[in-house]
Amino acid sequence: MTLEDNFETYNTDLWTPRFDGAKVPMAYTKVKDNYVRDGKLCLDFEKNDEPVIRNGVECYYSDAGLTTKGAFSQKYGCFASSIQVPPCPTGIFTAFAA
């Protein structure tokens, strides 16, 4: 194993928030803090009452993301993650990419 994080704390030396824009047209990336609670990494999303206009599109959802770019990389091997997304209405896009 080359990397394991059980999220006892939020390791800012490894994880960097992504602010490079949402990957779906109805969302935008809002600058906010990611955090660890009860051994779980929390990436919050929000549905907003008023839209934010992004590239001429009304965006009602904000999203969050992380990257290890510049801190860790691996080209080959097995990549595994345990992810739980709470029940929620439509409009949420989740992804785990190696």
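## F7

F7 is found in the segment before β1 (16-17); strands are DSSP runs of E, at least two residues long, and helices are DSSP runs of H or I, at least four residues long, both numbered from the N terminus. The model is predicted: local features need pLDDT of at least 70, side-chain atom pairs count only at pLDDT 80 or more, and totals for chains, interfaces and linings use all residues. Residues are numbered from 1 along each chain as its sequence is written, and side-chain values use heavy atoms, with hydrogens and water left out.

F7 counts as buried because its relative accessible area is 15%; buried means under 20% relative accessible area, exposed over 50%, and partly exposed in between, with a 1.4 Å probe and protein chains only. F7 is not a glycine, yet has a positive phi of about 55°.

Strand β4 (residues 40-42) contains L41. With a relative accessible area of 24%, L41 is partly exposed.

Leaving aside residues up to four places away in sequence, L41 touches F7, Y10, Y35, V36 and L66, where contact means heavy atoms within 4.5 Å. F7, one of these residues, is the buried residue described above. L41 and E8 are 33 residues apart along the chain, and their C-alpha atoms are separated by 9.0 Å.

## D38

D38 is placed in the loop between β3 (35-37) and β4. D38 is exposed because its relative accessibility is 70%.

The phi of D38 is positive, near 55°, in a residue other than glycine.
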